[in-house]
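Me: I've got a model open and I'd like to learn how to read its features one by one. Can you walk me through it?

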Amino acid sequence: MDYFQKFKGRFIGIMQLEDCDALLQKLIDMPDDWFIFNTLQPMPSERLQAADFINKMKHIKSIIDDEHDERYCGIVYADDIKNPTFVKIFHPKNLGKTCGSSENPPMPQWLISKEQPMDVVTEFGPKEESEGFISKYLKF
């Protein structure tokens, strides 16, 4: 299965904050051979060194702890809770206007995987809306 298939595959939503903390700690405790793709930045081409992975995961965890105002998680998804190999994390302040079941769900900010990332932003991100004839020439 390639990266695109995994990205679009089945994920388990982490709903309880305690379960989210446990999953993030599990990742921190097994820091070898991971890629972290921040979808707002260029794709990484190399796996992170263990210390860099731990630092980035702690930074992501601090963002969730500081900026996620809900009593539940709902922004972290894993392919497998016990043995994760692909995790999607949405930024708590950038969830978009739509829920994940819409035609154009928001893009996760962080994709944590054992496999080399591919350009999911271009492949699955929101498509540019074409301008209508009038709005093309008249800007309101």
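**Reading the fold, piece by piece**

Reply: Let's start in the sheet: strand 2 and strand 5 run antiparallel and are joined by 4 bridges. Keep in mind that this is a predicted model.

Me: Which residue of strand 5 stands opposite Asn38?

Reply: That's Trp110. Asn38 sits in strand 2, residues 35-38. Setting aside neighbours within four places in sequence, Asn38 is in contact with Gln109 and Trp110.

Me: Is Asn38 buried or exposed?

Reply: The cut-off for buried is under 20% relative accessible area. Asn38 has 14%, so it counts as buried.

Me: What else pairs with strand 5?

Reply: Strand 4 does, in the antiparallel sense, over 4 bridges. Along that pairing, Ile89 stands opposite Trp110, and Phe86 stands opposite Ser113. Strand 4 is also joined to strand 3 by 3 bridges, and those two run antiparallel as well. There, Tyr77 has Lys88 of strand 4 as its bridge partner.

Me: How do I read the two faces of a strand?

Reply: In a regular strand the side chains alternate between the two faces of the sheet.

Me: Which residues of helix 2 are buried?

Reply: An α-helix has 3.6 residues a turn, so residues three or four places apart point the same way. In helix 2 the buried ones are Cys20, Leu23, Leu24, Leu27 and Ile28. They cover an arc of only 140° around the axis, which puts them on the same side of helix 2. The face turned away from that buried side carries the exposed residues Glu18 and Asp29.

Me: What covers the buried residues of helix 2?

Reply: The cover includes strand 1 (12-14), helix 3 (50-67), strand 3 (76-78) and strand 4 (86-89).

Me: And how should I think about the nonpolar interior?

Reply: In soluble globular proteins, nonpolar side chains tend to be buried together. Here the largest nonpolar core has 23 residues, and the members touching the most others are Ile36, Phe53, Met57, Val76, Val87, Ile89 and Ile112. Helix 2, helix 3, strand 3, strand 4 and strand 5 each give two or more residues to this core. Apart from it lies another core, of 9 residues, including Tyr3, Phe11, Phe37 and Met107.

Me: Which residues is Ile36 in contact with, leaving aside its neighbours within four places in sequence?

Reply: They are Pro44, Leu48, Phe53, Lys56, Met57, Ile60, Trp110, Leu111 and Ile112.

Me: How many disulfides does the structure hold?

Reply: A disulfide is a covalent bond between the sulfur atoms of two cysteines. This structure holds 0. The pair to look at is Cys20 and Cys73: the sulfur of Cys20 is 3.6 Å from that of Cys73, its closest cysteine sulfur, and that is too far for a bond. Both are buried: Cys20 is at 1% relative accessibility, and Cys73 has a relative accessible area of 1%.

Me: Last one: how do I place all this in the whole chain?

Reply: Count the elements, then read their order. The chain has 5 helices and 5 strands, running α-β-α-β-α-β-β-β-α-α from the N terminus on. Of its 140 residues, 35% count as buried. For contacts with a separation of 6 or more, 67% are between residues 24 or more positions apart.

Note on methods:
Residues numbered from 1 in each chain as written. Predicted model: local features only at pLDDT ≥ 70, side-chain atom pairs only at ≥ 80, totals over all residues. Heavy atoms only, no water. Buried < 20%, exposed > 50% of the residue type's maximum accessible area, 1.4 Å probe, protein only. Arc of directions from axis to C-beta. Contact = heavy atoms within 4.5 Å. Core = buried A, V, L, I, M, F, W, Y, C linked by side-chain atoms within 4.5 Å. Pairing = 2+ DSSP bridges. Disulfide = S-S within 2.5 Å.
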